[in-house]
Amino acid sequence: MYWEKEIETIERRQLEKLQLERLKQSINKASKSLYYGDKFKDKVINAAAIKSIQDIEKIPFTTKDDLRGNWPYGLVATSKDELVRMHSSSGTTGRATVIFHTAGDIAVWTNLVARCMYMTGMRKSDVFQNMMTYGLFTGGLGFHYGAEKIGALVIPASAGNSKRQIQLMIDFATTVVHVIPSYALHLSTVFTELKIDPRRDTKVKIAFIGAEPHTEKMRRKIEEIYGYKAFNSYGLSEMSGPGVAFECPNQNGLHIWEDSFLVEIINPQTLQPVRDGEEGELVMTTLQREGMPILRYRTKDLTRIIPEPCSCGRTHRRIERIKGRTDDMMIIKGVNIYPMQIEKKLMDIEGVGTNFLIVLDREEFNDLMTVKVEVNKKLFSGELKKLEALRKKIAEELKSEILITPKIDLVEPDSIPKGEGKAVRVIDNRKD
Ligand code: ADP
Ligand code: ZN
């Protein structure tokens with residue numbers, strides 16, 4: 001049941017002791033980098049000033065812009081000889097950041113990914129098809145190494161080429177997949193096109209879905225289509241990649257591995273810690289990284305800590321599924337809206353297909369929001385009256401959630417462009 005029982009079920013007091021020890025080591029290591037070395041030089045910030053975990057508040061935050069501004073080697077804390085791997089972020093919100101790893105870093109990361117996979121029930125007898133891009137993106141190699149560590153048979157399929165994915169799944173009797181949730185939905189349309197029923201014709205029983213925000217409704221829809229269990233996987237390149245937080249069999253919040261990351265939740269405006277269980281921005285400090293330790297990294301991801309212990313026995317706290325990035329927030333007619341609010345409603349409406357896109361325009365100082373919604377094939381080629389009824393229903397449902405009435409464009413299945421990577425949910429034409 002546990003990959004490493006002792007550490008996964010460690011007593012909280014002991015875990016905090018371990019964290020304090022590792023935090024001090026991390027600060028010492030980080031100060032060897034140009035960036036932190038300079039930051040710490042004339043302040044009294046050093047490991048000796050840290051007497052308790054709370055003292056972390058004495059250390060300044062690190063942001064994506066700090067990583068960009070000290071690109072590429074500014075935060076490297078070892079000699080370059082020690083580095084064996086480089087990865088980068090996807091560049092969703094601007095220039096991609098790069099992270100460097102020592103052999104030890106890769107070993108720690110690999111172990112965390114294995115811990116996550118094992119937790120969901122994956123074993124060495126499984127056939128694992130990794131449908132994530134291999135290369136600089138961490139989702140490919142990160143999961144690949146973790147799965148090999150468990151001893152599973154790995155099919156490094158990489159992303160895209162939907163027909164081949166399905167062929168591989170059938171030919172080699174894949175039992176576990178790793179897939180971006182928006183792509184899982186897209187792939188289901190290819191299954192339909194090929195007249196293959198994923199529930200009947202494949203052996204997949206576990207999926208890891210992550211890399212982009214998605215709602216509980218979307219997860220249930222994916223599980224329903226494929227007949228497997230889909231576990232939410234959260235990670236970011238700055239914290240190595242996947243393996244940061246993951247769902248256990250309870251599928252109710254993601255255990256965040258606190259032996260490797262120190263977790264804080266702050267109010268993104270005041271930068272002060274929020275109360276236990278309140279929503280805010282996730283901030284993390286690496287506790288084990290050698291090549292490029294990062295202190296108090298502002299992820300911009302919004303979540304909250306679930307304070308109650310989990311019945312699976314793991315003592316590492318859970319975070320709620322990520323609601324989105326602070327950057328994702330749209331302000332329309334003075335109302336704050338997140339794309340996930342739209343998704344949550346759409347996934348519940350019968351007749352809605354597998355993709356949607358929000359388009360924002362400005363006409364004479366007025367914000368206009370259009371939601372393009374793919375409808376399923378049957379409905380699209382059916383009666384106009386039914387389509388009109390669906391359009392009205394979507395508009396009403398969305399209004400109840402976001403308080404404004406967007407324009408709804410119903411479009412053909414698969415007509416919204418879908419890449420292999422993270423879904424683009426919003427196109428904002430309001431900026432010049
Ligand atoms: P980028 O930040 O450029 O997208 P990464 O590939 O490092 O580059 O992606 C990490 C980010 O992806 C996270 O900070 C988060 O916003 C998002 N993400 C990853 N996994 C999840 C998940 N399971 N749920 C929601 N968002 C996720
Ligand atoms: Zn649990």
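Start zoomed out: the centres of domain 1 and domain 2, taken over C-alpha atoms, are 30 Å apart. Colour residues 1-326 as domain 1 and 330-428 as domain 2; these bounds come from an automatic or database domain assignment. What you have open is a predicted model, where local features need pLDDT of at least 70 and side-chain atom pairs count only at pLDDT 80 or more, while totals for chains, interfaces and linings use all residues. Residues are numbered from 1 along each chain as its sequence is written, chains are lettered from A and ligands numbered from 1 in the order in which they are written, and side-chain values use heavy atoms, with hydrogens and water left out.

**Between the domains**

Now select the residues where the two domains meet. On the domain 1 side, 22 residues are in contact with 17 residues of domain 2, contact being heavy atoms within 4.5 Å.

Next, pick Thr-354 in strand β18, residues 352-363. (Strands are DSSP runs of E, at least two residues; helices are runs of H or I, at least four; both are numbered from the N terminus.) Skipping residues up to four places away in sequence, Thr-354 touches Leu-185, Ser-188, Thr-189 and Glu-374. Its relative accessible area is 14%, so Thr-354 is buried. (Buried means under 20% relative accessible area, exposed over 50%, partly exposed in between, with a 1.4 Å probe and protein chains only.)

Jump to helix α5, residues 103-119, and check its length: at 1.5 Å a residue its 17 residues should span 24 Å, and the end C-alpha atoms are 25 Å apart, which agrees. That expected span is 1.5 Å times one less than the number of residues. Of the 17 residues in α5, 13 are buried. Just past the helix, Gly-121 has a positive phi of about 110°.

Centre on Tyr-234: beyond its neighbours within four places in sequence, its contacts include Val-244, Leu-254, Met-284, Asp-301 and Ile-319.

**The zinc site**

Select ligand 2, the zinc ion. Which protein atoms are its donors? They are Cys-248 (SG), His-255 (NE2), Cys-310 (SG) and Cys-312 (SG), at 2.1 to 2.4 Å. (Donors are N, O and S atoms within 2.8 Å of the metal, or 3.2 Å for Na, K and Ca; water is not among the atoms, so sites may look incomplete.) The donor angles run from 101 to 117°, which makes the arrangement tetrahedral; four donors count as that if all angles lie between 85 and 135 degrees.

In sequence, the donor residues follow the spacing C-x6-H-x54-C-x1-C. His-255 sits in strand β9 (254-256) and Cys-312 in the loop between β13 (305-306) and β14 (318-319), so this pair ties together parts that are 57 residues apart in sequence. His-255 is buried at 0% relative accessible area, and Cys-312 is buried too, at 7%.

**Last stop**

Finish at Lys-58, in the loop between α3 (34-41) and α4 (64-69). Lys-58 is partly exposed, at 47%.

Notes
Four donors count as tetrahedral if all angles lie between 85 and 135 degrees; four count as square planar and six as octahedral if opposite donors are over 155 degrees apart and all others between 65 and 115; anything else is irregular.
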